[in-house]
Amino acid sequence: MSKVLLVDDDVELVSMLREYIEQEGFSADCVHDGEAGVNAALSGAYAIVVLDVMMPRVGGIEALRRIRAQSEIPVLMLTARGDDVDRIVGLELGADDYVPKPCTPRELVARIRAILRRTQDAPAPQVAAHEPVVAGPLQMWPQRRRAEWYGNVLDLTSTEFNLLELLARSAGRVVNKGDLSEQGLGRPLARFDRSIDVHLSSIRHKLGSREDGRPWIETVRGQGYQLVRE
């Protein structure tokens, strides 16, 4: 049974979410401030953290920063509807996805399931578990959740790993944003959703530039993205 940590100062909302989540087969604990959330998230007792942005003492963004400094546990952010700044900052700091509030318990559970599928699934059947996915200087071992770039370990969030793996398997070919969202985020691409762009911007930063200064992940306008094969 996957254990969920809910971090939100809205006691009534969290109680309702917890009840629904447990009805869906999960176990859940609740804490009501960011500092307690960080400590619980780093305890190793949870499969995923649901983290509200607006909280007392330590806010959600700072809590995420502290969690990511020590752990790659999946984090789903709860953001105010229409607040793009918090949403983008959260994704840049390594959040796996976000849900705008107010949200329905059903939507929240669907996002939790999608993230856990991405982080816990076995490797694709066409590649043996011990064989890496190779694209130029990139090597990825999906089962071990390990990626190396020019022989150096890449520090990737679970979502970044999934997106880069999709691009690596199609290196030299364009992958459209819809497929990246469906297979990388586990949900359909929503209108005006910039999640894919922000995650790929972070991956680009970690890969650095090619010798000519261009990025390793290119944007193909109107089509999608491709990982350059050299």
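Tryptophan 216 counts as buried, at 6% relative accessibility, where buried means under 20% relative accessible area, exposed over 50%, and partly exposed in between, with a 1.4 Å probe and protein chains only. The model is predicted, so that local features need pLDDT of at least 70 and side-chain atom pairs count only at pLDDT 80 or more, whereas totals for chains, interfaces and linings use all residues. Residues are numbered from 1 along each chain as its sequence is written, and side-chain values use heavy atoms, with hydrogens and water left out.

The structure holds three aromatic pairs. Rings of Phe, Tyr and Trp (for Trp, the six-membered ring) pair if their centres lie within 6.5 Å; planes under 30 degrees apart count as stacked, over 60 as edge-to-face, and the rest as tilted. Tryptophan 149 and tryptophan 216 form an edge-to-face pair, with 5.0 Å centre to centre and 85 degrees between the planes. Tryptophan 149 belongs to strand β8 (residues 146-149) and tryptophan 216 to the loop between α8 and β11, so this pair ties together parts that are 67 residues apart in sequence. Here helices (H or I, at least four residues) and strands (E, at least two) are DSSP runs, numbered from the N terminus. Both tryptophan 149 and tryptophan 216 are buried.

The ring centres of tyrosine 150 and tryptophan 216 are 6.5 Å apart and their planes stand at 70 degrees, so this pair is edge-to-face. Tyrosine 150 is located in the loop between β8 and β9 (152-153), and the pair therefore links parts that are 66 residues apart in sequence. Tyrosine 150 is exposed, with a relative accessible area of 54%. Trp149, Tyr150 and Trp216 form one aromatic cluster.

The loop that holds tryptophan 216 lies between α8 and β11, and β11 belongs to an open sheet of three strands in the order β10-β12-β11, with antiparallel pairing; two strands pair if DSSP finds at least two bridges between them. Because β10 (175-176) and β11 (217-220) are at the edges, each with a single partner strand, one side of each is left without a neighbour in the sheet. Four bridges join β11 and strand β12 (residues 224-227) in the antiparallel sense, and threonine 219 stands opposite tyrosine 225 in β12.

Helix α8 (residues 195-207) packs on the sheet and touches β11 and β12, contact being heavy atoms within 4.5 Å. The direction of α8 makes about 145 degrees with that of β11; axes are lines fitted to C-alpha atoms, for helices over the stretch in contact, and angles run from 0 to 180 degrees between N-to-C directions.
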